[in-house]
Amino acid sequence: MTIKPRFCVTLLALALAGSPLAGAYAQSMAGGSGENPNANRTTLDPIPPEGGWEGLSNVLKAVQPSVDTRLQPSASQITTHIERLLNRGDNAEALAMIEKREAEIKDQRGTDVQLMFQHARALAALDRKAEAIDIYTEMTTRFPELPEPWNNLAALYASRGELEKAQDALQMALRADPGYAAARANLGDLQLLQALRTYKQAAGEGVPGMQDKAREVETMLKDRQHK
């Protein structure tokens, strides 16, 4: 059981303010062949207008099929659709779909880990960080072998200035997967943030040269953020 690393967020973007999974699935649309226009659609897709002569279609108001023959989406199609909403920034719509889906499967055995992860992402995107942290924390307890929740938890901690907690979370992500590039990159950014905080504190205490060092680190962080 793994979560693809492209779901994870960048610590620097949050700390100074994901590339999430794209996952769009192809759709086909029958036309003029007598085939059911909904044959390859699910209820996540809009009902297309009924076909007809092109000349008439420009005159007559398009009507919807009298019988909805779209398929019920699979669990993977639902999470893919939610991912598309999150990627577009339609976070409130994504959260509504996530909560509906969670209500539908609450009595089923097992856990939809992807959906749980998406729930936390949607909450974080809507600035409901405390709730997102709660979900990521639960995931790290139940699925400590997954590095992605640790990584995203670190990003949220960093965004709140809790750099020590962020470092602990990133170290746990790398313990779960030593080759996890996202966590390693975030750890490098975190070390710059820690250096910036240290230099600013020293500058506030009157240590010579610390203000210049703080500016240098701030410039480095901004340059990295825009890459």
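**Exercise 1. Describe the second largest pocket: which residues lie nearest its centre, and how many residues line it?**

Solution. The lining of the second largest pocket comprises 15 residues, and those nearest its centre are E102, I105, G110, T111 and D112. A pocket here is an open set of points on a 1 Å grid over the protein atoms alone where a 1.4 Å probe fits, with protein on both sides within 12 Å along at least five of seven lines, and lining residues have an atom within 4 Å of a point. The elements giving two or more residues to this lining are helix 4 (91-105), helix 5 (113-125) and helix 6 (129-142), where helices are DSSP runs (H or I, at least four residues) numbered from the N terminus. By class, the lining has four nonpolar, four polar and seven charged residues; Ala, Val, Leu, Ile, Met, Phe, Trp, Tyr, Cys and Pro count as nonpolar, Asp, Glu, Lys and Arg as charged, and the others, Gly among them, as polar.

The model is predicted, with local features needing pLDDT of at least 70 and side-chain atom pairs counting only at pLDDT 80 or more, whereas totals for chains, interfaces and linings use all residues. Residues are numbered from 1 along each chain as its sequence is written, and side-chain values use heavy atoms, with hydrogens and water left out.

**Exercise 2. Work out how helix 5 and helix 6 are arranged: at roughly what angle do their axes cross?**

Solution. Begin with the axes, which come within 7 Å and cross at roughly 155°; axes are lines fitted to C-alpha atoms over the stretch in contact, and angles run from 0 to 180 degrees between N-to-C directions. Helix 5 and helix 6 are therefore roughly antiparallel, a term for angles over 145 degrees. Next, take the residues in contact (heavy atoms within 4.5 Å): helix 5 contributes residues including M116, F117 and A120, and helix 6 contributes residues including I135, Y136 and M139. Finally, the classes in this contact are 10 nonpolar, one polar and five charged residues.

Technical notes:
Parallel < 35°, antiparallel > 145°, perpendicular 65-115°, else oblique.
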